[in-house]
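Reader: Hello! Could you pick a single part of this model and walk me through it closely, side chains and neighbours included? I would like one connected account, please.

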Amino acid sequence: MTSKNGYSEESKRDSVRLSEKHGVKAAAKKLGVSVSGLYRWRRTYLNAKAPTNGENRSYDDLLKEIKALKKRLNLVTSVNSTLKKTAAILSQDHLGGLK
């Protein structure tokens, strides 16, 4: 089905995808549409994207996930720091010829 401007929803989505790859001005020129129209389509279709896994999650759920991810990041950062220090100690020359 086409809208009042004669472009179907599918062609608008394809245009938005092209603008993501090549930029709005280049895509608009290639497609023969106005830059402002393409920006409007981008606002419509990029802001309306659902979560990629198809589930709607509440704000509280997202905050909990962010908190858990930050905790995991801190742990990984700590382990990484320890490994770097260990590697530095083992690479020193004063190991009594064990090298």
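Author: Happy to! Let's begin with arginine 17, which is partly exposed at 46% relative accessibility; here buried means under 20% relative accessible area, exposed means over 50%, and partly exposed is in between (1.4 Å probe, protein chains only). The model is predicted, so local features need pLDDT of at least 70 and side-chain atom pairs count only at pLDDT 80 or more, while totals for chains, interfaces and linings use all residues. Residues are numbered from 1 along each chain as its sequence is written, and side-chain values use heavy atoms, leaving out hydrogens and water.

The side chain of arginine 17 joins that of aspartate 14 in a salt bridge, 2.5 Å from N to O. That term stands for a side-chain nitrogen of Lys or Arg within 4 Å of a carboxyl oxygen of Asp or Glu. Aspartate 14 is partly exposed as well, at 36% relative accessibility. Because the two are three residues apart in helix H1, about one helical turn separates arginine 17 and aspartate 14. Helices are DSSP runs (H or I, at least four residues), numbered from the N terminus.

The rule gives two salt bridges in total. The other partners are lysine 12 and glutamate 9, at 4.0 Å from N to O. They too sit three residues apart in H1, so about one helical turn lies between them. Lysine 12 counts as buried, at 9% relative accessibility, whereas glutamate 9 is partly exposed at 34%.

Tryptophan 41 is buried at 7%, while tyrosine 7 is partly exposed at 30%.

H1 also packs against helix H2 (residues 24-31), at an angle of about 130° and with the axes 7 Å apart. These axes are lines fitted to C-alpha atoms over the stretch in contact, with angles from 0 to 180 degrees between N-to-C directions. Where do they touch? Among the residues meeting there are Leu18 and His22 in H1, and Val24 and Leu31 in H2, contact meaning heavy atoms within 4.5 Å.
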